[in-house]
Amino acid sequence: MATSTDRPDPPVKSTYTQGHSAEVLASHLARTVSNSAAFLLPHLRPHFSLLDIGCGPGTITSGFCTHLREGAVTGVDLGDSVIKQAASSHPSTEYPNLKFEVGDILHGLTYADETFDVVYCHQTILHLPDPIRGMKEARRLLKPGGLLAMRESDSFYWYPELPGLMRYNECLNGMFRTAGAPGLFSARGLHAWARQAGFERDKMQVGAGTTVYSSPEDRRWWETMHVNRLKGEAVGGQMKSLGLVGDEGIGEMVKDFGRWTDDPDGWYAALQCEVIAAK
């Protein structure tokens, strides 16, 4: 049981705007330790215990197991269905030091103070209505000297800058912000939020990475995944219900995704802000 008075009070429930539909999980399933947590790996030790907050289908979470063979790895997420999927895809016979549980960092997790050596968040903080509250809870869970590692998208860049793609960026950010989350262009302040949550600035490693799609194969995959989201309820349906865009606007986005994919010079990059803060 958690015991610290540092736990945020009153509790606030997290939200994940996009949900865990098949079209959303298509990109989550492509995430690995190598492409999403490389900045953290040099800091890990085989005996460490690690908590992955917002673990989704667990593809990154499970990757930590090979680096923490003498330790333990736990993944938590809001969604019961995605936790069941993660557990089913990573059976204990293959991953004896891994478990998945439903949990909400803003509502307060059930783990005792100073339980983990590392708390890891990937594309989670930008969805929290109160990032500082979430980081305070992460800090409570860390052992002295433990590490909070965060990797969050700040902004998306396209070439060519087609109108439909620029509108997609705007509407996606509108979805996040309507749900009360900071959304895009906020991850550049991760280290400032961490300091407000109690971490010391001189005990932080602040950096950045990128996610890039430029090959024809990568562009086609990225287009297909986003077009499926736009045609489904998870993203396109929400954008329309929130009044951010209509059918015509959705059509423009879909069309320009195709134009971007077919352009031999097509290029996409996401700025990924990376922070490691020691308790």
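How many of the 11 residues of helix H5 (residues 131-141) are buried?

## Helix H5 and its cover

Nine of them are, so H5 is mostly covered, where buried means under 20% relative accessible area with a 1.4 Å probe and protein chains only. This is a predicted model, in which local features need pLDDT of at least 70, side-chain atom pairs count only at pLDDT 80 or more, and totals for chains, interfaces and linings use all residues. Residues are numbered from 1 along each chain as its sequence is written, and side-chain values use heavy atoms, with hydrogens and water left out.

Among the buried residues of H5 are Pro131, Ile132, Arg133 and Met135. Their cover includes strand E1 (49-53), strand E4, strand E5 (142-159) and helix H7 (190-196). Helices (H or I, at least four residues) and strands (E, at least two) are DSSP runs, numbered from the N terminus.

## Trp193 in helix H7

Helix H7 holds Trp193, which counts as buried because its relative accessibility is 17%. Leaving aside residues up to four places away in sequence, Trp193 touches Ile125, Pro131, Ile132, Met135, Pro182 and Ser186; contact means heavy atoms within 4.5 Å. Trp193 and Arg133 are 60 residues apart along the chain, with 9.3 Å between their C-alpha atoms.

A polar atom of the Asp117 side chain lies 2.8 Å from the backbone nitrogen of Ser49. Beyond residues up to four places away in sequence, Asp117 touches residues including His47, Phe48, Ser49 and Leu142.

Technical notes
Polar contact = N/O pair within 3.5 Å; in protein donor to acceptor, adjacent residues only side chain to side chain. Buried < 20%, exposed > 50% of the residue type's maximum accessible area, 1.4 Å probe, protein only.
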